[in-house]
Amino acid sequence: MPRSMAPPPSGEFSIRLTKPFTATTTPSSKIEIIGEPNRPATIKHTTHVGAQAQTLIIKEGAIDAEDSNELMDLITSVGGAAE
């Protein structure tokens, strides 16, 4: 019998910041924040190093619900929308 998958949580957001901002080059640094309103979010910082940006340095952590809500308020105030 096939398993049913739970629907994704409503209000889930995903924010991605990359440096440099041009889409034609490999980003040297990337920050991803994934979470839900009123809950802690996970944050992942990836840095590409080396001549061809082939080595990755990845740091992961969490931000608490209050900081997560404040981040979403900031993004909303500047007119952006999280995915």
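The legends below describe close-up views of a predicted model.

**View 1. Overall architecture of the predicted protein.** The protein contains 1 helix and 4 strands, arranged from the N terminus in the order β-β-β-β-α. Helices (H or I, at least four residues) and strands (E, at least two) are DSSP runs, numbered from the N terminus. Residues are numbered from 1 along each chain as its sequence is written, and side-chain values use heavy atoms, with hydrogens and water left out. Because this is a predicted model, local features need pLDDT of at least 70 and side-chain atom pairs count only at pLDDT 80 or more, while totals for chains, interfaces and linings use all residues.

**View 2. Surface and burial.** Of the 83 residues of the protein, 14% count as buried; buried means under 20% relative accessible area, exposed over 50%, and partly exposed in between (1.4 Å probe, protein chains only). The protein exposes about 6600 Å², of which carbon and sulfur atoms supply 56%. These areas come from the Shrake-Rupley method with a 1.4 Å probe; for residues, only the protein chains shown count as cover.

**View 3. The four-stranded sheet.** An open sheet is formed by 4 strands in the order E1-E2-E3-E4, with antiparallel pairing. Strand E1 (13-19) and strand E4 (55-63) stand at the edges; each has a single partner strand, so one side of each is left without a neighbour in the sheet. On average, neighbouring strands of this sheet are turned by 15 degrees against each other, direction ignored. Two strands pair if DSSP finds at least two bridges between them.

**View 4. Pairing of strands E2 and E3.** Strand E2 (residues 29-35) and strand E3 (residues 41-49) are paired in the antiparallel sense over 6 bridges. Within this region, Ser29 has Thr47 in E3 as its bridge partner.

**View 5. The helix across the sheet.** Helix H1 (residues 65-77) lies across E1, E2, E3 and E4, and runs at about 70 degrees to E1. Axes are lines fitted to C-alpha atoms, for helices over the stretch in contact (heavy atoms within 4.5 Å). Angles run from 0 to 180 degrees between N-to-C directions.

**View 6. The salt bridge between Arg16 and Glu32.** The side chains of Arg16 and Glu32 meet in a salt bridge (3.0 Å, N to O), defined as a side-chain nitrogen of Lys or Arg within 4 Å of a carboxyl oxygen of Asp or Glu. This pair links distant parts of the chain, with Arg16 in strand E1 and Glu32 in strand E2, 16 residues apart. Arg16 is exposed at 54% relative accessibility, whereas Glu32 is buried, with a relative accessible area of 16%.
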